[in-house]
Amino acid sequence: MAGLEAHMKSLYAGLPHDWYRNNPIAQYEGHYASVFYSHFAALGVGVIVEDASHKGKVDMTVDFGGHIYLFEFKVVEQEPKGKALEQVKAKGYADKYLARGKPIHLVGIEFSSTERQITAFDVETLAP
């Protein structure tokens, strides 16, 4: 997960600032989430976006290599970090995957619209 975090931070750092000029795209979660989605989809792994459960929808689920990864993305400014991971846990997004017998990684990723970068990358793993 540390390698994924470093890779994605480098990727966002390489996006030209002109893409943001006169464009409010950095304010929207979908901008940041779509970059993650495109990376995983290009690899051909199982990706579900807006994965619905009994208490809401997690932004992205990836089933790969005997593991399940649940991603929640947030664009936050001047709020305490950890809100994305907190939501994954509070809403029980992992509940529907518990019986599969695979490790489940809860991943909360937060972005700053002013920094245009990942500001929190929190991971918690549930053992099978």
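Student: Which residues does F111 touch, not counting residues up to four places away in sequence?

Tutor: F111 touches Y12, Y32, F36, F73, K74, V75, V76, E77, Q117, I118 and T119. Contact means heavy atoms within 4.5 Å. This is a predicted model, where local features need pLDDT of at least 70, side-chain atom pairs count only at pLDDT 80 or more, and totals for chains, interfaces and linings use all residues. Residues are numbered from 1 along each chain as its sequence is written, and side-chain values use heavy atoms, with hydrogens and water left out.

Student: What makes the largest group with F111 a nonpolar core?

Tutor: The term covers buried Ala, Val, Leu, Ile, Met, Phe, Trp, Tyr and Cys residues joined through side-chain atoms within 4.5 Å, buried being under 20% relative accessible area (1.4 Å probe, protein chains only). The largest such core has 19 residues, and F111 is among those with the most contacts inside it. The elements α1, α2, β2, β3, β4 and β5 each supply at least two of its residues, and α2 gives the largest share, 5 residues.

Student: What else is called a core?

Tutor: A second, separate core of 10 residues includes I68, V88, I104 and L106.

Student: Why are β1 and β2 called paired?

Tutor: Pairing requires at least two bridges found by DSSP. Strands are DSSP runs of E, at least two residues, numbered from the N terminus. Strand β1 (residues 46-53) has 7 bridges to β2, so the two antiparallel strands count as paired. V47 stands opposite V62 in β2.

Student: How do you know that β2 and β3 pair?

Tutor: The two antiparallel strands are joined by 5 bridges, so they meet the criterion. In their hairpin, 2 residues lie between the strands, and G65 in the turn has a positive phi of about 60 degrees.

Definitions and conventions. Buried < 20%, exposed > 50% of the residue type's maximum accessible area, 1.4 Å probe, protein only. Helix = DSSP H or I, 4+ residues; strand = E, 2+ residues; numbered from the N terminus.
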